[in-house]
Amino acid sequence: SGLPGFRLTMGFTLLYLSLLVLLPLSAVILKTAGLGWSGFWTIASDERVLASLRLSFGASAIGATLNAVFGSALAWVLVRYDFVGKPVVDAMVDLPFALPTAVAGIALTAIYAPNGILGAPLAQLGFKVAFTPVGIAIALTFIGLPFVVRSVQPILEDLETEYEEAAASLGASRWQAFCKVVWPAMIPGVVTGFALAFARAVGEYGSVIFIAGNVPYVSEISPLLIITRLEQYDYAGATAIATVMLVLSFVLLLIINLLQSWSLKRHGGGK
């Protein structure tokens, strides 16, 4: 092996993870523990907190689902077709990575505001986007798109078209070839992209704060509620909300990873 032995590399790994991940998370949990169970439950069960959690996780799930569908389609187009301007489109996929989140939020608000390019005609139809949960879902979809595209794209690049041609030679239609040959290979990438997009969206703040409107019980996300508690010097309350988000995120991501592992074993065993 070109790397040092197991003990040295494992020790470095544990130290690195402890300093960057476990220590900060432990500080959050310890700060929350100072409230006691009754104090923690009072904050966690508050209607305003529950409304913000439902909005944050619900909008994140919607955004990640939309990206799983349309991001996979975009990855398919980028891999399987050649067209004018393809490098530009491919580069635009990574734009949410490079663009500051606050800039993205301002741009989306300007577009979807009642007097914006898209917001004005939608407002005339009686459909309001900015300063509503719909606008939040759009912002979270925007920042999560690259995760799905970049997770699915390598899989499609490695999947030769000969497999689809072989399926067609055996009498399979295009839809059957996709369902039986292409889709099983895409599932791990789609699930990975979904998990990454969802995890990013749950904690997103900069791109959402401008378009959300921040109305309690309507368009107030949990990260904003945490910032509000911190500005009020209520550090224990802020960490309590953060702990709830941490536990929920961990459970959901654990379920997604288990599903991904099951999918890999199922389709890997069938080859």
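**Notes on a predicted helical model**

1. Glutamate 220 is buried, with a relative accessible area of 4%. Please keep in mind that this is a predicted model. Which residue does the side chain of glutamate 220 meet in a salt bridge? The partner is arginine 48, with an N to O distance of 2.7 Å. Glutamate 220 sits in the loop between α11 and α12 while arginine 48 belongs to helix α3, so the pair ties together parts that are 172 residues apart in sequence. Arginine 48, for its part, is partly exposed, at 28% relative accessible area.

2. Serine 56 is another residue to look at in helix α3. Its relative accessibility is 3%, so serine 56 counts as buried. Setting aside residues up to four places away in sequence, serine 56 touches Ile221, Ser222 and Pro223. Two of these residues also turn up in helix α12, which covers residues 222–231: Ser222 and Pro223 are buried there, along with Leu224, Leu225, Ile226 and Arg229.

3. Let us stay with arginine 229 for a moment. Its relative accessible area is 17%, and the cut-off for buried is under 20%, so arginine 229 counts as buried. Arginine 229 forms a salt bridge with aspartate 234, and the closest N and O atoms are 3.1 Å apart. Aspartate 234 is partly exposed, with a relative accessible area of 28%. For the whole structure, a search gives 6 salt bridges.

4. How far is the C-alpha atom of valine 79 from that of isoleucine 155? The two are separated by 9.7 Å, although they are 76 residues apart along the chain. Valine 79 is in contact with Lys86, Gln153, Leu156 and Glu157, leaving aside neighbours within four places in sequence. Lysine 86 also takes part in a salt bridge, with aspartate 82 as its partner and 3.3 Å between the closest N and O atoms. Aspartate 82 counts as exposed, at 73% relative accessibility.

5. Where does α10 bend? The bend is at tryptophan 183 and amounts to about 50°; proline 184 follows within four residues. Tryptophan 183 is also part of an aromatic cluster with Trp76, Trp175 and Phe178.

6. On aromatic residues in general, the structure as a whole contains 10 aromatic pairs. For phenylalanine 194 and phenylalanine 198, the ring centres are 6.3 Å apart and the planes are at 10°, so the pair is stacked. These two phenylalanines, phenylalanine 194 and phenylalanine 198, are 4 residues apart in helix α10, which means that about one helical turn separates them. Are they buried or exposed? Phenylalanine 198 counts as buried, at 4% relative accessibility, while phenylalanine 194 is partly exposed, at 21%.

7. Finally, some backbone angles to check. Most residues other than glycine have a negative phi. Phenylalanine 131 is not a glycine, yet it has a positive phi of about 65°. It lies in the loop between α7 (119–124) and α8 (133–158), and phenylalanine 131 is partly exposed, with a relative accessible area of 32%. Which phi does tyrosine 217 have? Its value is near 70°, again positive in a residue other than glycine. Tyrosine 217 is in the loop between α11 (206–212) and α12, and at 56% relative accessibility tyrosine 217 counts as exposed. Tyrosine 233, which follows α12, has a positive phi near 60°.

How values were computed:
Residues are numbered from 1 along each chain as its sequence is written. This is a predicted model: local features need pLDDT of at least 70, side-chain atom pairs count only at pLDDT 80 or more; totals for chains, interfaces and linings use all residues. Side-chain values use heavy atoms; hydrogens and water are left out. Buried means under 20% relative accessible area, exposed over 50%, partly exposed in between (1.4 Å probe, protein chains only). The bend at a residue is the angle between axes fitted to the seven residues ending there and the seven starting there. Contact means heavy atoms within 4.5 Å. A salt bridge is a side-chain nitrogen of Lys or Arg within 4 Å of a carboxyl oxygen of Asp or Glu. Rings of Phe, Tyr and Trp (its six-membered ring) pair if their centres lie within 6.5 Å; planes under 30 degrees apart count as stacked, over 60 as edge-to-face and the rest as tilted.
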